[in-house]
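Please read the points below with the sequence and the structure open beside you.

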Amino acid sequence: MSHEHPHSHSHGHDHSHAGHTHSHEVDEITLAASSDASDSDLRPAEVTRRNLLRAAGIAGAVTAGMAGMTGVTPAMAEAATVATTKGGNRATIRHWLAGDHHIHTQHSSDAMYRVIDQAQHGAAYGLDWLVITDHGGATHAKLGVDLVNPDIVAARKVLKDTLIFQGLEWNIPAAEHGTVFVAPGAHEVAVLKQFENDYDGSVKGASGNTPQNEALAVAGIQWLGKQVDKRRVADALFLANHPARNGIDSPHEVRAWRDADPRIAVGWEGAPGHQAAGLPAGYGPGSARGYYGNGPGPNSFPGYPAESYRSWGGFDWFTSTVGGLWDSLLAEGKPWSISANSDSHVNWGTTSRRPDGSDSASFNANGRYGDPVYAGSLNTTAGDFWPGYYSRTHVGTTERSYGAVMKGLRIGRVWVDHGALVKSVDVRVVSSDGGSESLGGTLKAKRGSRISLVVTIAAQDVPNWSQFIPSLNRVDVIRGAVDPTYVTDRDTWKAPDTKVIEQTDTSGRTGTFQLRYDLGRVEEAFYVRVRGTDANRSQPGYLGASVDPAGPAIDVVGDADPWVDLWFYTNPVWVVPTR
Amino acid sequence: MSTLAVDADARDLAAAEHLVHRLDEVLGADGPEDAYVISTHVVQEPTARLVAVLDWPGGPAVEELTALLADRLPDAYVTLDSPAIAEATARTAGRLARYPGRTRIETVTTVAAVATDSVVDAVEGLAGITLAPDDALDLTGFARPVWREGRCVLLVQRAAGGLVPFEMRHQIPCCSDH
C-alpha cells in the first residue's frame, strides 16, 4: 500500500540550506572525510583530521550524503551565528513508506516462516519495506546468514514493489538485541557475516555486563561505519530492539552506541513486537504484551524502576515515559529515532507449524527449519502479528528505494503507529522568520522569532486488519528544553524540563485536518514531538501527572488486547535560536 | 548466628531459584519451617550474577555449615566474604526466596494478611495501583519480596486474574520458543 500524498503546500524552506556557502575549512574537511581516498593517500595532517572526523562520526558522511539528524550540537546551542554545516539532504517528502525492521524466519531457532511467507504477508498488509532479522548466533553465523540470502533475492523478484533488506538481529554485547541491516549489494552477506562473527554477543560469548563487552558493542558499530566508508556496502544502520524489556540497556550504553557512529546507530524500537502476547488466555497467549513480563536480573541497570519492565500502551517505557530516557537523549540534542515492528516469529492465529523432524538438532545441522506445513488447527498461543498487520514504521522519503528508506530513517523522518490509528501525520515547525522543518529536522530560527507547530492529520477512513476504522480521539504535544551539556552523568534517564504542553480532543474529526499550536518566541533551544491515541486507556505518566496527565497506561499481564489501545508517536523536531 | 554466602554463578533468576532449591535439600526438609532465611543479591564483580545469602540463627556453627555446603554443593563457592552478606545484613537490597511466613502467604490471601502472616512489612502496587487492606492477592506458590531501606516490600501488579506478584515465577526467556 502506497501512502503517497502529494503536498500542495510549499516545502520551499526545505531547501533553505541550498545557498549555504562553504568555507575553506569545510573543503579540507570534505577532503579528509572523502571515502574515495584511502589513509595512505593522505598527508599525515589529513590522516589526523580524518581520525578526528571518524571519532566524531563524520568521516564518509560529507561525501556520501550520509548526514542524518543533527539534533542540537553544543556549537548550535551557543548560537552565535548559523556557522554549522547543514544537517542533511532535506528534500521534499514524496512518499511515506511503511515498514518493519524486525522480522524472523525459519533461520531463527525460535521462528518458523519462509522469507516469502513473511514478505508476501507484509506486502499484502501494506508494507513498502521490511528487514529480515534472524537471530545472530553460532548456527546463523555459520549457515543461516548465507542460506537466507537467496531466499531474500528471490522474494525481491516476486514482490517487485516491496523493498526487502537483509539484516540480522544482533545480540548486542553486554546488552539487548538490535537490528543491524545493510543496503543490498554485492557484499551484503559478507559484511553481515563478518560483523556477526566478530561482534555478536552470542557468537563471542560476550553477553555479560562488563566494560570489555560494552566496548565490543561500540567497536561493532564503528566497524559497520567503516564498511560504509570503504563502500563495501552503500549503507548500514543499527536500531536497538525491545530496549527496556529486561533493563539491560543502561543509559550510558545507549549513549555510547549513538556516539560510536551516529550515522549507524540511529534509534530503537519505540514499540516492541509481540503485540499479541498479552491477549487473554484462551483467546491468546495470556502473557505480557510485547513479552515484557520480567523483573530485574543480575545484568539489569539498577537505576530503572520496576515499572520499566512492562510496556505502556504497547510502547517501551524508554519511549512511553514523557521525560524518560528517550526525552533525556533528545534534551541533550542527540538525534534518536523510534520504530514499531512485528518481531514476528510465530503469529497469533497461524494455521501452520514447523514440519515433523524440525527439532533443534536439525536446525543446528541445517541452519534452518524445514518449510512450515499446514497445521489443521489454529495457534492462539503465539504472541506475534504478521509484519504490517498491527505495527508500522512510516519513513518519509524522496523516492521509493533502498537507499531512500535508510536515509529517511537516518534523517529521522519517522512516525509510528499501531492498528492503523491514522492514515497520515505530517509535523512541521514553522518560524515567523520564514523557516520550516519537519520530523527529525532542526529548525534554525532567529532569536525571538515566533514558532508554530502545525500538525496535519489524515484521519483513518479505511478499516484496519481487525476490520474496524480506528478513531483518533486525542493528540498530545510534548516539549522539552535542549541543553547539550545538561547530562553530566551518562546514566541519566530523565529530562527534567520535558512535559506534555497541549492535549487536543480530536474525536469525531474526519478527513484531513490541521492542528496549529503557538510555541511562543524562541529564546532557547527546544524540541517538540507529537503523540496521539484512541484514548481508550490512559493514566498519569511514570513521572507524574504534572509531566503527563494522561499518558499510556501500563499494560496488564495476561489481559492486554492491543486493538483497543492504539497510539501513534512521531519523532521530534528541534528548534535552535540564532542571531 | 550463621550467615554466609553461596555463589553458584547464577546468571538469572531461574538459576538463583535452582540454587535455593538445592540449599533446601541440603539444609533439611525436616527442620521447622521458617528456620532460615535465604535472600539473593546481585554481585557485579567480576561477572554479574546472583549470590544467595543464608541466614540461619539457630543453625549449626558457621564452620560446620560451610563444610556441609562445600561437601554437598561442590560446584558452589561458600564464603563469609561477599558484598552480598553486607547487603543482606543491612537489608538495603536483595530478594527473599525463603523467609518467615512464606508458605502461609504463598496462596490466595489479602494485603493485610500478608503483613500479619509473614516478614513482609508492606505490599506495594506497581505503577500507582492503590491497595486496600482487604484486596485479594493471588500469591499461589510464589512470592519474592525484596529488601528496601530496611523494610521487606512485596511489589504486586495487575494481571488477568487480579493482583499477582510483580516478579513472576516463570521469567520469559529470550530467543526461545515463546
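1. In this predicted model, strand β19(A) is joined by 3 bridges to strand β23 of chain A, residues 573-578, and the two run antiparallel. Within this pair, Y527(A) has W574(A) of β23(A) as its bridge partner.

2. Is β19(A) enclosed by the rest of the structure, or is it open to the outside? Since 8 of the 8 residues of this strand, which spans residues 526-533, are buried, it is largely enclosed by the rest of the structure. Burial holds for both faces of the strand: F526(A), V528(A), V530(A) and G532(A) point one way, whereas Y527(A), R529(A), R531(A) and T533(A) point the other way, and all are buried.

3. If residues up to four places away in sequence are left out, W574(A) touches G71(A), V72(A), G333(A), T442(A), L443(A), V482(A), A525(A) and Y527(A).

4. Among the contacts in chain A with a separation of 6 or more, 79% are between residues 24 or more positions apart.

5. In chain B, strand β10(B) can be followed through its pairings. With strand β7 of chain B, residues 122-125, it pairs in the parallel sense over 4 bridges, and L155(B) in β10(B) is the bridge partner of E124(B). With strand β9 of chain B, residues 146-148, the pairing is antiparallel over 3 bridges, and R148(B) has R151(B) as its partner; in the hairpin of these two strands, which has 2 residues between them, E149(B) takes a positive phi near 50 degrees. With strand β11 of chain B, residues 162-165, β10(B) pairs in the antiparallel sense over 4 bridges, R158(B) stands opposite L163(B), and the two strands form a hairpin with 2 residues between them.

6. Where the chains meet, the contact takes 25 residues from chain B and 27 residues from chain A. On the side of chain B, the elements that give two or more residues are β3 (49-56) and β10 (151-159), and the largest share, 4 residues, comes from β10(B). By class, this side of chain B has 13 nonpolar, 6 polar and 6 charged residues.

7. Chain B is itself divided into domain 1 (2-98) and domain 2 (102-165), whose C-alpha centres lie 23 Å apart. The contact between them takes 10 residues from domain 1 of chain B and 9 residues from domain 2 of chain B. Which strand gives the most to the side of domain 1 that touches domain 2? That is strand β5 of chain B, residues 95-98, with 4 residues, and this side of domain 1 divides into 3 nonpolar, 3 polar and 4 charged residues.

Terms used
Residues are numbered from 1 along each chain as its sequence is written. Chains are lettered from A and ligands numbered from 1 in the order in which they are written. This is a predicted model: local features need pLDDT of at least 70, side-chain atom pairs count only at pLDDT 80 or more; totals for chains, interfaces and linings use all residues. Two residues are in contact if their C-beta atoms, placed from the backbone, lie within 7 Å. Ala, Val, Leu, Ile, Met, Phe, Trp, Tyr, Cys and Pro count as nonpolar, Asp, Glu, Lys and Arg as charged, and the others, Gly among them, as polar. Domain bounds come from an automatic or database domain assignment. Two strands pair if DSSP finds at least two bridges between them. A residue is buried if 20 or more other C-beta atoms lie within 10 Å of its own, exposed if 12 or fewer, and partly exposed in between; C-beta atoms are placed from the backbone.
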